[in-house]
Amino acid sequence: MERRDVVIVGSGPAGAATALGLVARAPALAARSVMLEKARHPRDKTCAGGVIPKAVRLLESLDVSLAVPEARVDHAGVTLPGGRELAVDGDDLCRVIRRRELDALLAWTARDRGVELREEEHVTHVARDGDGVRVDTSRRTYWTPVVVGADGSGSIVRRALVGPSGVTARAVMCDVPVARTSWTGHAGRRYDFDFAPCATGLRGYRWAFPCVIDGAAHANVGVYALPPADGTRLRTELAAMLERVGAAAAAWKAFPIHAHAGRARLAASHALLVGDAAGVDPLMGEGISFALEYGLLAAEAIWRAHETRDWSFHSYVAAVERGPLGRKLRRLDLGSRLFYGPRGRWWFRLAAASRRAQRIGLAWYNGVDDRVPSL
Ligand SMILES: Cc1cc2nc3c(=O)[nH]c(=O)nc-3n(C[C@H](O)[C@H](O)[C@H](O)COP(=O)(O)OP(=O)(O)OC[C@H]3O[C@@H](n4cnc5c(N)ncnc54)[C@H](O)[C@@H]3O)c2cc1C
């Protein structure tokens, strides 16, 4: 049995941010930690790859620069449930980055700064063991006083040690070369959000994002939905969005998003959750900025636990719930219930009525302004 001061399960944005935060806070502790990843970077992750300014700022705070190909977004097209269209102009609203490139950059940066990264090592079983946790993998067994569940929506750490909370949303997407569409979004540095299906009961939206794959301009087209949308409905909406951008049917991929709803369970004795494992934005399904923010708070809590020998992680739960991260998630939870609820059309009309409210709401969402919109 191998003893480690911290075992991080998963090396997506949440695991890498936890590791990078540990390096920044407590390099000696980071050197006694390990990050376990079942895949090998660069690996694909089903995700549109929209990185909002808040995520960029969090990465800057970790001294990580996004030296990877990106499609920049400065404009948004929004279709409301009744079909009315809005154009929202901004500046640097989002950068769209392929996840195989983003995640490899983050995981390798954490590794190069001193956290051991063990790839192709699948965590198969997690259980409390004395005053710590036993972690079984496809290669060996670890014992640790702290296990971090950075293992995404289906988190084995959440299921084994923390318990259920939140809601499982679903998203389906595909990538189409722009040359095979009639879509103007890529050239216009625009992303499109289409809420028209809310009028027929979808609790979510369709999207088209510009992106760059192997140097070629592509459209990432997808659908996000909270329950009760089933796979057939998602694929029907995807086909409709592909038609809207003038593309033929394309191979699609689907993946769940564990979203925040109600009171979240974020930690238990010797275990804490970050990123999708903990629960991200239920309104839009944005999770990269949340993964990074959870990771940084977790690193601080892990350092404190090692200093105080208090492994309850009550302070982590309090830091998330009482801080900006928890406040934003609660507002997004409320927003999802209002916009995707029975009076949703009324809330969309209200949001569409004021350009100033739209600008404030977008700046708040993107983390470039701390003013909170009144929902
Ligand atoms: C179709 C779709 C589109 C999306 N678009 C966006 C978007 O545009 N912008 C945005 O911000 N968010 C988007 N999201 C959400 C975003 O992808 C997630 O919120 C984000 O990936 C969460 O990061 P994470 O590190 O918590 O988990 P993940 O990125 O899922 O990483 C988890 C890691 O853990 C590893 N792992 C899992 N289980 C084990 C195990 N047992 N043992 C070892 N390793 C394990 C996995 O291989 C993976 O590397 C989208 C999601 C979907 C499905």
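## Ligand shell

In this predicted model, the ligand is surrounded by 37 residues, the closest being Gly10, Gly12, Gly152, Gly275 and Gly287. Sorted by class, the shell around the ligand holds 18 nonpolar, 13 polar and six charged residues.

Four elements each supply at least two residues of this shell: the helices α1 (13–25) and α7 (288–308), and the strands β12 (167–177) and β16 (253–259). With three residues, α1 gives the most.

## Packing of α7 and α8

Besides supplying residues to the ligand shell, α7 packs against helix α8 (residues 314–322) at an angle of about 150 degrees. The axes of α7 and α8 are 9 Å apart. Angles over 145 degrees count as roughly antiparallel, and α7 and α8 are therefore roughly antiparallel to each other. The crossing of α7 past α8 is right-handed.

On the α7 side, the contact is made by Tyr294, Leu297, Ala298, Ala301 and Arg304. On the α8 side, Ser315, Tyr316, Ala319 and Val320 take part. By class, the contact of α7 with α8 comprises seven nonpolar residues, one polar and one charged.

Strands of a sheet pair through backbone hydrogen bonds, either parallel or antiparallel.

Val135 has Tyr142 in β10 as its bridge partner.

How values were computed. Residues are numbered from 1 along each chain as its sequence is written. This is a predicted model: local features need pLDDT of at least 70, side-chain atom pairs count only at pLDDT 80 or more; totals for chains, interfaces and linings use all residues. Two strands pair if DSSP finds at least two bridges between them. A residue is near a molecule or strand if its C-beta atom, placed from the backbone, lies within 6 Å of it. Ala, Val, Leu, Ile, Met, Phe, Trp, Tyr, Cys and Pro count as nonpolar, Asp, Glu, Lys and Arg as charged, and the others, Gly among them, as polar. Axes are lines fitted to C-alpha atoms, for helices over the stretch in contact, and angles run from 0 to 180 degrees between N-to-C directions. Angles under 35 degrees count as roughly parallel, over 145 as roughly antiparallel, 65 to 115 as roughly perpendicular and the rest as oblique. A crossing is left-handed if the near helix is turned anticlockwise from the far one by less than a right angle, and right-handed if clockwise. Two residues are in contact if their C-beta atoms, placed from the backbone, lie within 7 Å.
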